[in-house]
Amino acid sequence: MGRIGILEYELPEETEVTLRVYDVLGREVATLQQGRKRAGRHSVPLNTDQLASGVYFGRLQAGEQTLTTKVTVAR
């Protein structure tokens, strides 16, 4: 069974969303969600089996706003 982390976010209104994960060099390693999402809380699984231990960044683009958060993968 794979190792799964969960990224969570909340939207105040329905909007277009893109959720991607980047390594410390700024290379995209995963696109987790893309498309129109309803208002409310959302949970997105991140399978870390293909990621080396280290620091990554989750970037959520929702409408015209962008939020970046640090994601640490430890084995």
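Predicted model: local features only at pLDDT ≥ 70, side-chain atom pairs only at ≥ 80, totals over all residues.
Local features need pLDDT of at least 70 and side-chain atom pairs count only at pLDDT 80 or more, while totals for chains, interfaces and linings use all residues. Residues are numbered from 1 along each chain as its sequence is written, and side-chain values use heavy atoms, with hydrogens and water left out.

Rolling a probe the size of a water molecule over the atoms shows where empty space is left. Here a pocket is an open set of points on a 1 Å grid over the protein atoms alone, where a 1.4 Å probe fits, with protein on both sides within 12 Å along at least five of seven lines. The largest pocket has a volume of about 220 Å³, a volume being the space filled by probe spheres set on the points, which are joined across faces, edges and corners. Lining residues, those with an atom within 4 Å of a point, are Tyr9, Glu10, Leu11, Pro12, Glu13, Thr15, Leu60, Ala62, Gly63, Gln65, Thr66 and Leu67. They divide into six nonpolar, four polar and two charged; Ala, Val, Leu, Ile, Met, Phe, Trp, Tyr, Cys and Pro count as nonpolar, Asp, Glu, Lys and Arg as charged, and the others, Gly among them, as polar.

Strand 1 (4-11), strand 5 (54-62) and strand 6 (65-73) each supply at least two residues of this lining. Strands are DSSP runs of E with at least two residues, numbered from the N terminus. Leu67, one of the lining residues, is found in strand 6. Leu67 counts as exposed because its relative accessibility is 55%; exposed means over 50% relative accessible area, buried under 20%, and partly exposed in between (1.4 Å probe, protein chains only). Leu67 and Tyr9 are 58 residues apart in sequence and 9.7 Å apart in space, C-alpha to C-alpha.

Val24 lies in the loop between strand 2 (15-23) and strand 3 (28-37), and is exposed at 57% relative accessibility.

Side chains of opposite charge can pair when their charged atoms come close. With a salt bridge taken as a side-chain nitrogen of Lys or Arg within 4 Å of a carboxyl oxygen of Asp or Glu, the count comes to four. Glu14 forms one with Arg36, the closest N and O atoms being 2.9 Å apart. This pair links distant parts of the chain, Glu14 in the loop between strand 1 and strand 2 and Arg36 in strand 3, 22 residues apart. Glu14 is partly exposed at 42%, and Arg36 is partly exposed at 48%.

Glu16 and Arg36 also meet in a salt bridge (3.7 Å, N to O). Here Glu16 in strand 2 and Arg36 in strand 3 are 20 residues apart. Glu16 is partly exposed at 44%. Shared partners join Glu14, Glu16 and Arg36 into one network. Another salt bridge pairs Arg27 with Asp23 (2.7 Å, N to O), and Asp23 is buried at 12% relative accessibility.

Val21 is in strand 2. With a relative accessible area of 1%, Val21 is buried. Val21 and Arg3 are 18 residues apart in sequence and 16 Å apart in space, C-alpha to C-alpha.

Conventions:
Helix = DSSP H or I, 4+ residues; strand = E, 2+ residues; numbered from the N terminus.
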